[in-house]
Amino acid sequence: MFQRSSDRVEMVVEIYESADSVRGHDHDTVKEGGDTKKAPDTDPNTGGETACSRCYRVTAVCVVLLCVLLLTAVTVLWIKFTTLNTENNQLQTSYNNLTIERDQLQKERDGYLSTLDLCFKGKCFSFDYSFYCISNGSRNQEASRQDCRDKGADLVIINSKEEQEFISKILSSRKAWIGLNDREREDEWKWVDGTPLNTGFWGDGEPNGAAREDCVVTGANTDPVRSWADYNCNRQFIWICEKTDFI
């Protein structure tokens, strides 16, 4: 009986030793050539991919998405900026055009007021569908023409004997600039609208000033018809404006 009891004790000891051996085994280690190495941290469901590689891939995807979002935002902002800049340029152009129109209207208004002032003073006349105004002061020929243009008119163009006689009558023996000169070429007289002179009403011996006298006045003598004379364009005389489309 003692022998049988001893055999049972030895069997129990062997069972406990086997259990301890199983509990002390590390499934994550592998013995190679007598050395124990820890198995790599892999996931059998991802074909051996490590957690580190998965983290790197997720980070790369996030960076790409962020870059796409930033590029989209920059593109949208650039398109918006371009659109606003174009609209600003259009508004500036419209503002400039309106400013020019405003200045032109003010200039025309001032011209009409000046014309009305001359009419109230008895210095405006009409003849054969044209409207004439005689200036108050004296200026050179170029400044005289500019005043007429400011009024929407120009220096008078005389086309007939009847018109010449009418102008001589309203001038009452005063000299006044008309819209005739030979500035471009000597002795090639042209009106301010560019048309050449066909019929002239020159006084005796006129024109006689050669290159020194390129502009023309009427009323240089008492003859109501033949009263033109050439003068230096810088001389100071009154002038006559003519407007043909006042109706």
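The following legends describe close-up views of a predicted model.

**View 1. The largest nonpolar core of the predicted model.** This core contains 22 residues, among which I158, I167, I178, L180, W228 and I240 touch the most other members. Two or more residues are contributed by each of strand β4 (130-134), helix α4 (161-171), strand β6 (176-181) and strand β10 (238-243). Helix α4 supplies four residues, the largest share of the core. In soluble globular proteins, nonpolar side chains tend to be buried together.

**View 2. The surroundings of I240.** Leaving aside residues up to four places away in sequence, I240 touches Y132, C133, I134, C148, D154, L155, V156, I167, L171, A176 and W177. I240 is also one of the members of the largest nonpolar core that touch the most other members.

**View 3. A nonpolar surface patch at W78, I79 and F81.** Together, these three residues present about 380 Å² of accessible area. W78 belongs to helix α2, which covers residues 51-120. W78 is classed as exposed because its relative accessible area, 57%, is over the 50% cut-off.

View 4. An unreviewed UniProt entry lists residues 58-79 under "transmembrane region". In the model, this span is 100% helix and 0% strand, and its end C-alpha atoms lie 32 Å apart.

Terms used:
Residues numbered from 1 in each chain as written. Predicted model: local features only at pLDDT ≥ 70, side-chain atom pairs only at ≥ 80, totals over all residues. Heavy atoms only, no water. Core = buried A, V, L, I, M, F, W, Y, C linked by side-chain atoms within 4.5 Å. Buried < 20%, exposed > 50% of the residue type's maximum accessible area, 1.4 Å probe, protein only. Contact = heavy atoms within 4.5 Å. Patch = residues over 30% accessible without salt bridge, like charges linked within 9 Å, V, L, I, M, F, W, Y side chains within 5 Å. Areas by Shrake-Rupley, 256 points an atom, 1.4 Å probe, with all protein chains shown as cover. Salt bridge = Lys/Arg side-chain N within 4 Å of Asp/Glu carboxyl O. UniProt positions renumbered as here; feature names shortened; annotations may be inferred.
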